[in-house]
Amino acid sequence: MLPAETQHDVAEDAVDAPPADGAIDRDALAVKLSAAREQIEALARDLQTVDAELEGLSIARGQHQLLLSACTKLEELAAAGGAELFWGDRASAQIGAQQVGRARERAHEFQEYLGVIEDGRAALIKALNTHQDHAGLLEDDLFEALEAEERRQHEWIVERDISELPARK
């Protein structure tokens, strides 16, 4: 259950190679980093939404686990030849077996529904990790660009008067 807006493509935001002269556009890196952080925040909000949905289903999850457990025990009782002990007579036992089958189907449908939500959650976590890695690389590139700019600002500019060279003999 991934919302469409969470399917961000990290490749679109890949950092371009630095220009040939070695100057890195720190402003462009800062914009890309800001966009990456916004994507991370959006993914984190989506993950919180999915987690809240799963939390809201926790009671139903427990109920369905108990239902599956009850179905298993009733099937074990029927396999041991004691279905009539629970259902009363043979006809009721057959109707009961059908009811157990329907209950098991409902429990499996619920488990599949939870599986879809949990798969979506796993995809969100993977996307979040990918975007965090990408943002980390952008932060490194921006830091290096700032360091290079600072080094250029601290460079000594060698100035000297140009004198005429003596003529060659």
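Of the 169 residues in the chain, 24% are buried, a term that means under 20% relative accessible area, while exposed means over 50% and partly exposed lies in between (1.4 Å probe, protein chains only). The structure is a predicted model, in which local features need pLDDT of at least 70 and side-chain atom pairs count only at pLDDT 80 or more, although totals for chains, interfaces and linings use all residues. Residues are numbered from 1 along each chain as its sequence is written, and side-chain values use heavy atoms, with hydrogens and water left out.

**First view: the whole chain**

Display the chain as a cartoon. It contains 4 helices and 0 strands, where helices (H or I, at least four residues) and strands (E, at least two) are DSSP runs numbered from the N terminus. Along the sequence the pattern reads α-α-α-α. Contact means heavy atoms within 4.5 Å; of the contacts in the chain with a separation of 6 or more, 84% join residues 24 or more positions apart.

**Second stop: helix 1**

Select residues 26-56, which form helix 1. The expected span of a helix is 1.5 Å times one less than its number of residues. For the 31 residues of helix 1 this gives 45 Å, and the end C-alpha atoms are 45 Å apart, which agrees.

Next, colour the buried residues of helix 1, among them Leu 29, Leu 33, Ala 36, Ile 40, Leu 43, Leu 47, Val 50 and Leu 54. An α-helix has 3.6 residues a turn, so residues three or four places apart point the same way. The buried residues of helix 1 pack against helix 2 (58-79) and helix 4 (90-153).

Now select Asp 51, also in helix 1. Asp 51 is partly exposed, with a relative accessible area of 29%.

Show helix 1 and helix 4 together. They pack at an angle of about 160 degrees, with their axes 8 Å apart; axes are lines fitted to C-alpha atoms, for helices over the stretch in contact, and angles run from 0 to 180 degrees between N-to-C directions. The two helices are therefore roughly antiparallel, the word used for angles over 145 degrees. By class, their contact has 22 nonpolar, 4 polar and 11 charged residues. Here Ala, Val, Leu, Ile, Met, Phe, Trp, Tyr, Cys and Pro count as nonpolar, Asp, Glu, Lys and Arg as charged, and the others, Gly among them, as polar.

Helix 2 and helix 4 pack at an angle of about 145 degrees, with their axes 9 Å apart. Residues of helix 2 including Leu 67, Leu 68 and Cys 71 meet a set in helix 4 that includes Ala 103, Ala 107 and Phe 110. This contact has 10 nonpolar, 5 polar and 5 charged residues.

**Last stop: Arg 61**

Select Arg 61, in helix 2. Arg 61 is partly exposed, with a relative accessible area of 25%. Which residues does Arg 61 contact, leaving aside its neighbours within four places in sequence? They are Leu 54, Phe 110, Leu 114 and Glu 118.

Notes: Parallel < 35°, antiparallel > 145°, perpendicular 65-115°, else oblique.
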